[in-house]
Amino acid sequence: MPLWPVAPPGRPLAGLTVLVVEDSRFASEAVRLLCLRSGARIRRADCLRTAARHLQIYRPAVAIVDMGLPDGDGAQLIATLAGLVPVVLGMSGDPDTEAGAMAAGANGFLAKPVESLALFQHMILSNLPADARPMGPRAVPSETLRPDASVLHDDLAHVADVLASASDTGAIDYIVRFLAGVARSARDEPLEQAAVALARDHSAGRALAADLARISGLVQDRLAAGRG
């Protein structure tokens, strides 16, 4: 039985539930806006553990999984969901993770920042079973949707907390992934460059104190500006 017989005009994802597994508030808010504009319901999980709890209660029609989560690799969840959920999409600010998402069984990949309404709808609709797609012609939207910059505060505060206690390789790897994704989503080039420099020096085994101090300063500057 189709997921819907006819989608309302301008809301081609009406009737669908989308589970977004993403620890960045800014990125998940971007997906929420796209879902809202498309007619879909959204549920959010910020880690693999929370996603598992959601999946015990309901089965979404679409799962969008960030590749770098605080308690594991998003590819693990993609491999679990492939074949169980009609559409599984990987998502990341690092384009190099697309191959891993597809190898794990994803139907497609969303590169951050996720802003194009047309691309978002196409990635989902083109991967739905044929009998679950809305019937009739569909207008292709031209809008781009971005969250309010104030949503970044929670992500930046999270980075500041992690930086304050970063003491091992795992914490550094997480800072690199999370910060790079947030910076790309927010189109914050200096912050992205700082994350890239940290990743480069960490990979080369160099001292990281200067990189971490630079990132901490940039994050604190943005938090202070947001309070102003």
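1. Helices (H or I, at least four residues) and strands (E, at least two) are DSSP runs, numbered from the N terminus. Gly 170 lies in one such run, helix H7. The model is a predicted one, in which local features need pLDDT of at least 70, side-chain atom pairs count only at pLDDT 80 or more, and totals for chains, interfaces and linings use all residues. Residues are numbered from 1 along each chain as its sequence is written, and side-chain values use heavy atoms, with hydrogens and water left out.

2. Helix H7 covers residues 169-186. The expected span of a helix is 1.5 Å times one less than its number of residues. For the 18 residues of H7 this gives 26 Å, and the end C-alpha atoms are 26 Å apart, which agrees. Just after H7, Arg 187 has a positive phi of about 55 degrees.

3. How much of H7 is buried? The term buried means under 20% relative accessible area, exposed means over 50%, and partly exposed lies in between (1.4 Å probe, protein chains only). Of the 18 residues of H7, 14 are buried, and the helix is thus mostly covered. Gly 170 is partly exposed, with a relative accessible area of 47%. The C-alpha atom of Gly 170 is separated by 9.5 Å from that of Pro 70, although the two residues are 100 apart along the chain.

4. Strand S6 (residues 87-92) is largely enclosed by the rest of the structure, because six of its six residues are buried. In a regular strand the side chains alternate between the two faces of the sheet. In S6, Val 87, Leu 89 and Met 91 point one way, while Val 88, Gly 90 and Ser 92 point the other way.

5. Which strands pair with S6? Two strands pair if DSSP finds at least two bridges between them. Strand S3 (residues 62-66) runs parallel to S6 and is joined to it by five bridges; here Val 65 has Gly 90 as its bridge partner. Strand S7 (residues 108-111) also pairs with S6 in the parallel sense, over four bridges. Across that pairing, Gly 90 stands opposite Phe 109 and Leu 89 opposite Gly 108. From S6 the chain crosses through helix H4 (residues 98-104) to S7, in a right-handed β-α-β crossover. Right-handed means that, with the strands pointing away from the viewer, the path from the first strand over the helix to the second runs clockwise.

6. On a 1 Å grid over the protein atoms alone, a cavity is a set of points where a 1.4 Å probe fits but cannot get out, and a pocket is an open set with protein on both sides within 12 Å along at least five of seven lines; lining residues have an atom within 4 Å of a point. Grid points are joined across faces, edges and corners, and a volume is the space filled by probe spheres set on the points. The largest pocket has a volume of about 350 Å³. Its lining has 23 residues, of which Asp 94, Val 176, Arg 177, Phe 178 and Ala 180 lie nearest the centre. H7 gives the largest share of this lining, eight residues.

7. The structure holds one cavity of 30 Å³ or more. About 50 Å³ of space lies in the largest cavity. Among the residues lining the largest cavity are Phe 26, Lys 112, Arg 146 and Ser 185. Helix H1 (residues 25-38) supplies the largest share of this lining, three residues.
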